[in-house]
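Please open the model in your viewer and keep the sequence panel beside it. This tour goes from one selection to the next and says what to look for at each stop.

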Amino acid sequence: MTQPQVLQMGALPEWDETPLRAAYTMHRYFEAQDKAAFLAEVGPGVRAIATRGDLGANAQIIAACPALEVISVYGVGYDAVDIAACKARGIAVTNTPDVLTDDCADLALGMWLALSRGIVGAEAWARSGDWATKGGFALTHRASGKRAGVLGLGRIGMGVARRLEGFGMQIAYSARSPREGCENWTYIPDAAELAEWSDVLFVTLAATAETRHIVNADVLRALGSEGLLINISRAQNIDEDALLDALEQGRLRGAALDVFEGEPALDPRFTKLRNVLLQPHHASGTYETRRAMGQLMRDNLAAHFAGQPLLTPVIA
Ligand code: 8YV
């Protein structure tokens, strides 16, 4: 029996690519020199797309695959998949929630602590010899015991909030409605009001059309010159030009960012700033989590082709 044909949108770890090659005829879109010609050639036979949260599958890719049945996303964010196109064609979509929640929440707190306490700069101070020649590192700011706003109380936002309790933080959160069991936390649905209340604002929202630039100049102004911004969601949730203006003009104390417009290329304005901590979209980047993501992505594909229920459907 011929193997199902699968369009692979981006590189995956070898521990995933080997079993994928064994089970399917894989077409490596990301390696094609002429992607339009490649799609025209292989698209008609493609029954599944294996993609990543950061790459997705746009309407053009989906339209080039008339026999497409399922898109399996290696990642929890499926904002880069044209969901409307999938719904219109009855194409199933799966993602990899839960298996990456802890690592993403862990990194959010690590970014916050590193930003607030200047850990990266202090490490360079010790390593460079400045400590010996110039004296002690500059004072920074306490992280714990302050007010933390969590913009988006999904799986990752909940993980961040629960971790913050261990740091003695007062916690407020935004969500579509007050969350049962979170009565100890303050419900502030409006982003600007949440920012006004917060010393540090964690952006943990899923990226949707409604959340685009939800952190805008007004929200940044509300967070204020003593405020910190932590983003491990998607770059689109922040007006990056407004953020850069606030950081350059000292209207925001600092930002720790794992995602960027145009990534992996960064706006060069970021690299000139001392009050930012930059991470390369790496919140899920551990062996443990990436192995679990890959297994779940492959299990979803296998379930589909076996006619079994999908494990983690976005669209069944
Ligand atoms: C990427 C992510 O998928 O989970 C997501 O939505 O953005 C990430 O985990 C990961 O970087 C793999 O490319």
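A residue is called buried when its relative accessible area is under 20%, exposed when it is over 50%, and partly exposed in between, using a 1.4 Å probe and protein chains only. This is a predicted model, in which local features need pLDDT of at least 70 and side-chain atom pairs count only at pLDDT 80 or more, while totals for chains, interfaces and linings use all residues. Residues are numbered from 1 along each chain as its sequence is written, and side-chain values use heavy atoms, with hydrogens and water left out.

Begin by selecting strand β6, residues 147-151, where four of the five residues are buried, so the strand is largely enclosed by the rest of the structure. Strands and helices here are DSSP runs numbered from the N terminus (E, at least two residues, for strands; H or I, at least four, for helices).

Then show strand β9, residues 200-203, which runs parallel to β6 and is joined to it by four bridges, with A148 standing opposite V200.

Now select V160 and display its contacts, meaning heavy atoms within 4.5 Å. Which residues does V160 touch, leaving aside its neighbours within four places in sequence? They are A105, A108, L109, V150, F202 and T204.

V160 also belongs to the largest nonpolar core, which has 46 residues, and W112, L153, V160, L164 and F202 touch the most other members. Such a core is a set of buried Ala, Val, Leu, Ile, Met, Phe, Trp, Tyr and Cys residues joined through side-chain atoms within 4.5 Å. Helix α5, residues 101-117, gives the largest share of this core, eight residues.

For the last stop, move to the open sheet of six strands, whose order is β2-β1-β3-β4-β5-β13 and whose pairing is mixed. Strands β2 (25-28) and β13 (313-315) stand at the edges with a single partner strand each, so one side of each has no neighbour in the sheet. Strand β5, residues 92-94, runs antiparallel to β13 and is joined to it by two bridges, and here V93 stands opposite I315.

Methods:
Pairing = 2+ DSSP bridges.
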